[in-house]
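The paragraphs below walk through one structure, taking its chains in turn and then the place where they touch. Please keep the sequence and the coordinates at hand while reading.

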Amino acid sequence: MTTSTDTYRRELVQALRAGNVPPERIGEIVAEVESHVADTGEDPREAFGPARDYAAGFRRPRSRASVAASVAPTLLCALSGFFVAVGIIGLVDGEPAFGLPAWVVLAAGLVLWIPVLVSVLRQSVPVPDPRTGRWITAGPAVTAVGMSGALVAIAVACWGLAVLTS
Amino acid sequence: MRATLPLTVLAVVAEEETYGYAIAQRLQAAGLGAVKGGTLYPVLNRLEQDELVTSSWREGAGGPGRKFFTVTPHGRAHLAERAAAWHTFTERAAGLLPSVGSPR
């Protein structure tokens, strides 16, 4: 598979997910594109148009509950990252945060991370390839490790910054 | 062209079980021009959604596998009905149009 097809696949999966298309249907659409360009030798962008435009034709409306379910984890994620950063800076400086011991704020940030992780894992159902039955997107474990790695990176960056500035 | 595409695609699938690229080639060979994948597959998906065709993935010889489409009995009946209506329409429209080379 060419880099162009790989890039197009990533963009198409992302756009279809954003359009509330079920994982099995995403797998079908992506496989159709890949199979077709393998036959024709065309660039997928040339044959199917920009991924976002092609995906728009498959978009499904979201319910209000579903929109709320996607907004809440984003807010919690931001709050969690903020508490972790403030907690770590407080621990390094040896000062309380928001009038509380810094470790309490750090712990609160880590506790808030749990519902974020659960929500993302529930939403990131892997996309199956109808030709092979294998997943064409990262499984829940990879997503969980990637997200937790990002939180650790934020924590390490804040710790480094606090040490440098204190 | 866009309006007649679903019917012509259904007619090609009704000829024999086939796949996307072969359908595009068949349409082009019939003089209907090049049909891009981005136009063809949504039409095929719609035909499948309407239960006029069914599809299944088959492994290709060293390739990534192809999605083959087969007409259903309902699809065949729909094609016969729509084709008859199309012929009636084109005959009536042709009766109103000047013949090629006429000075009208």
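Two residues are in contact if their C-beta atoms, placed from the backbone, lie within 7 Å. With that cut-off, and bearing in mind that this is a predicted model, one can begin with chain B, where residues 24 or more positions apart account for 48% of the contacts with a separation of 6 or more. Chain B has 4 helices and 3 strands, and these elements follow one another from the N terminus in the order α-β-α-α-β-β-α.

The overall dimensions of chain B come next. The radius of gyration of chain B is 16 Å, whereas a compact globule of 104 residues would have a value near 13 Å. Along the principal axes, the C-alpha trace of chain B spans about 60 × 25 × 20 Å, and buried residues make up 23% of the 104 residues in the chain.

Chain A is described here through its domains. The domain assignment gives domain 1 as residues 3-56 and domain 2 as residues 64-165 of chain A, and the C-alpha centres of these two domains lie 30 Å apart. The contact between them takes 8 residues from domain 1 of chain A and 9 residues from domain 2 of chain A. On the side of domain 1 that touches domain 2, helix α2 (residues 23-40) of chain A gives the most, with 7 residues, and the residues of that side divide into 5 nonpolar, 1 polar and 2 charged.

Helix α5 of chain A, which covers residues 64-93, has 30 residues and reaches 44 Å from its first C-alpha to its last, close to the 44 Å expected at 1.5 Å a residue. Among the buried residues of α5(A) are Cys77(A), Ser80(A), Phe83(A), Val84(A), Gly87(A), Ile88(A) and Gly90(A). An α-helix has 3.6 residues a turn, so residues three or four places apart point the same way. What covers the buried residues of α5(A) includes α6 (102-123) and α7 (140-165) of chain A. Just after α5(A), Gly94(A) takes a positive phi of about 70°.

How many residues of each chain are in contact across the interface between chain A and chain B? There, 13 residues of chain B are in contact with 15 residues of chain A. The elements that give two or more residues to the side of chain B that touches chain A are α2 (20-29), α3 (37-49) and β3 (66-71) of chain B; of the elements, α3(B) gives the most, with 4 residues. The residues on this side of chain B divide into 5 nonpolar, 5 polar and 3 charged.

Notes: Residues are numbered from 1 along each chain as its sequence is written. Chains are lettered from A and ligands numbered from 1 in the order in which they are written. This is a predicted model: local features need pLDDT of at least 70, side-chain atom pairs count only at pLDDT 80 or more; totals for chains, interfaces and linings use all residues. Ala, Val, Leu, Ile, Met, Phe, Trp, Tyr, Cys and Pro count as nonpolar, Asp, Glu, Lys and Arg as charged, and the others, Gly among them, as polar. The radius of gyration is taken over C-alpha atoms; the globule rule is 2.2 Å times the number of residues to the power 0.38. A residue is buried if 20 or more other C-beta atoms lie within 10 Å of its own, exposed if 12 or fewer, and partly exposed in between; C-beta atoms are placed from the backbone. Domain bounds come from an automatic or database domain assignment. The expected span of a helix is 1.5 Å times one less than its number of residues.
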